[in-house]
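Trainee: Could you walk me through this one? I have not looked at it before.
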Amino acid sequence: GQAVSSLGSTLAIKALSSRPVQDSSRGIYSHRLSRDDLWLVGGASNVGCAILRQEGFSNEELVQCSAKIDPSTDSGTQFY
């Protein structure tokens, strides 16, 4: 299937599913997406960008790094 990721203070990964999936031992949860019984299934990881703040990156440095990101370009990253 296909999934999407969102990088913020954490890294969240979500996939579209026709049924909810819950596994609290692995941090997997589901959010109802629509009345058509579609679900966003996924979880989050602590490998997000909060570490950049902990390492002392300034607002200016984060803005400079963010300006280099092109959301219309595939990063080539593969998730398993």
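Mentor: Let us begin with a term: helices (H or I, at least four residues) and strands (E, at least two) are DSSP runs, numbered from the N terminus. This is a predicted model, in which local features need pLDDT of at least 70 and side-chain atom pairs count only at pLDDT 80 or more, while totals for chains, interfaces and linings use all residues. Residues are numbered from 1 along each chain as its sequence is written, and side-chain values use heavy atoms, with hydrogens and water left out.

Trainee: OK, in what order do the elements of the chain run from the N terminus on?
Mentor: They run β-β-β-β-α-α, which gives the chain two helices and four strands.

Trainee: And is the chain spread out or compact?
Mentor: The chain is more spread out than a compact globule, because its radius of gyration is 15 Å, well over the 12 Å that the globule rule gives for 80 residues. That radius is taken over C-alpha atoms, and the rule is 2.2 Å times the number of residues to the power 0.38. Along the principal axes, the C-alpha atoms fill a box of roughly 45 × 30 × 25 Å.

Trainee: How much of the chain counts as buried?
Mentor: Of its 80 residues, 14% count as buried, where buried means under 20% relative accessible area, exposed over 50%, and partly exposed in between (1.4 Å probe, protein chains only).

Trainee: Changing topic, how many disulfides does a search of the whole structure find?
Mentor: The search finds zero, a disulfide being a pair of cysteine sulfur atoms within 2.5 Å.

Trainee: What about Ala50, where is its place?
Mentor: Ala50 lies in helix 1, which covers residues 50-54, and at 31% relative accessibility Ala50 counts as partly exposed.

Trainee: Which residues is Ala50 in contact with, leaving aside its neighbours within four places in sequence?
Mentor: Ala50 is in contact with Gly8 and Ser9, where contact means heavy atoms within 4.5 Å. Ala50 and Ser9 are 41 residues apart in sequence, yet their C-alpha atoms are 4.4 Å apart in space.
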